[in-house]
Amino acid sequence: MELSIVDLAPMPEDGTTTEAFDHTVKRAQRAEQLGYSRFWVAEHHDFTDSVASTTPEVVIPYVAAKTDEIRIGSGTVLLNHYSPYKVAETFGVLDALEPGRIDLGLGRATGNPASDLALQPDRSQRRRTGDDQAEKIDEVVKHLYGGFDDDHPFRELEIPRSGDSAPEIWVHGSSPASAKIAGKLGLPYCFAAFIRPGPAVQAFDTYREHFEPSPDGAGLEEPRGAIAVNLTCAETDAEAARLRATAVASSRLLRNGQVDRLPIRSVDRAIDVLGGVPEPTPTDIEPGDWPRHLSGGPETAREILEELTAQAGVDEVVIQSQHADPETTLRSHELLADAVGLEARE
């Protein structure tokens, strides 16, 4: 099993954005030492009290410059807000700076109406349906790898890039619709189970059903997938469940529209919001019934990940953590690496 990380740059209590990114770098450096495959940074807007990661295209080169081998990328670029050409240019340059190490994860999401409107180049168009997501992803691929028809207006555009490589392009999503896009374009697919875990297995069935090898050289000959999960690992199942409380409580407040009570950084406050410590995550998880937040001691965490990857038919897991305490997150990553037997780098 491969393990990777998607990092939100959580804001430390009474800390600054600079400190949040310092901790992101430390997590990336430790992940590289531990043998993690990738380190992705997220794109979130208007959550500055909770997370600092708004611009992965800025954070990626900073993290890449302070690491040596681990792949660095976006988890995800919200393509519904941007020009495919500009995204391709940006990641072509990133690949030129760090050849062979850059991942370009492409997804879509809407959030606060004000931030969504502020991100749009045409503010008269206040609602975006996302119906053109497949077309936009395909355009990014063609800008980076070629494939425009001879009479296409973009045929002569050239992207600055390294001479020997290009970003590895992933489709990110949380529905069978995004899985179908990834399959038809022949791209790797990562399912965000921490957003909407229910259709995970169905999404990968859809992905494989619609998979077509990519003719552009950007994609794959065979399907390749990963699941992204919110998982806390601690020395015992009980302690891991206690630490998981912050993620569970935060999700509950968001779901109930109680954003004025966020962020939750204290485990004790999270337990108070929930009315008690969450139950430990069982290992006998059924397809379609995956929890949004997982936890366990090392053995339990390994069993959970083995079960989920077997159901999804993948061999890579991307770990998300929502702990304000950076030491809690680092320790979780260390325990997980040992639990699944990652090979440490020199």
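**Group meeting: a walk through the predicted model**

Ala 9 sits in the loop between strand S1 (2-7) and helix H1 (17-34). Helices here are DSSP runs of H or I with at least four residues, strands are runs of E with at least two, and both are numbered from the N terminus.

Before I go on, some ground rules. This is a predicted model, where local features need pLDDT of at least 70, side-chain atom pairs count only at pLDDT 80 or more, and totals for chains, interfaces and linings use all residues. Residues are numbered from 1 along each chain as its sequence is written, and side-chain values use heavy atoms, with hydrogens and water left out.

Ala 9 is not a glycine, yet its phi is positive, about 50°. Its relative accessibility is 1%, so Ala 9 counts as buried. Buried means under 20% relative accessible area, exposed means over 50%, and partly exposed is in between, with a 1.4 Å probe and protein chains only. Asp 14 lies in the loop between S1 and H1 too. Asp 14 is not a glycine either, and has a positive phi of about 60°. Is Asp 14 buried or exposed? At 79% relative accessibility, Asp 14 counts as exposed.

Next, the peptide bonds. Most residues other than glycine have a negative phi, and most peptide bonds are trans. Which bonds are cis here? One joins Gly 75 and Thr 76, with omega about 20°. Thr 76 is in the loop between strand S3 (71-74) and strand S4 (77-78). Another cis bond runs from Leu 262 to Pro 263, with omega near 0°. Pro 263 is in the loop between helix H8 (237-255) and helix H9 (267-274).

Now two polar residues. Take His 45, in the loop between strand S2 (38-41) and helix H2 (56-65). At 18% relative accessibility, His 45 counts as buried. Its side chain makes a polar contact of 2.6 Å with the side chain of Glu 43. A polar contact is a pair of N or O atoms within 3.5 Å; within protein, one must be able to donate a hydrogen and the other to accept it, and residues adjacent in sequence count only if both atoms are side-chain atoms. Leave aside neighbours within four places in sequence, and His 45 is in contact with Thr 54, Leu 78, Tyr 82, Ser 115 and Leu 119. Contact means heavy atoms within 4.5 Å.

Gln 133 is in helix H5 (residues 133-145). Its relative accessibility is 6%, so Gln 133 counts as buried. What does its side chain reach at 2.8 Å? The backbone oxygen of Gly 107. Not counting residues up to four places away in sequence, Gln 133 touches Leu 79, Asn 80, Gly 107, Arg 108 and Ile 181. Gln 133 and Leu 185 are 52 residues apart in sequence, and 12 Å apart in space, C-alpha to C-alpha.

Finally, the whole protein. There are 11 helices and 10 strands. The radius of gyration is 20 Å, close to the 20 Å from the globule rule for 346 residues, so the protein is as compact as a globular protein of that length. That radius is taken over C-alpha atoms, and the rule is 2.2 Å times the number of residues to the power 0.38. The C-alpha trace spans about 65 × 40 × 40 Å along its principal axes. Of the 346 residues, 54% are buried. Among contacts between residues at least 6 apart in sequence, 72% join residues at least 24 apart.
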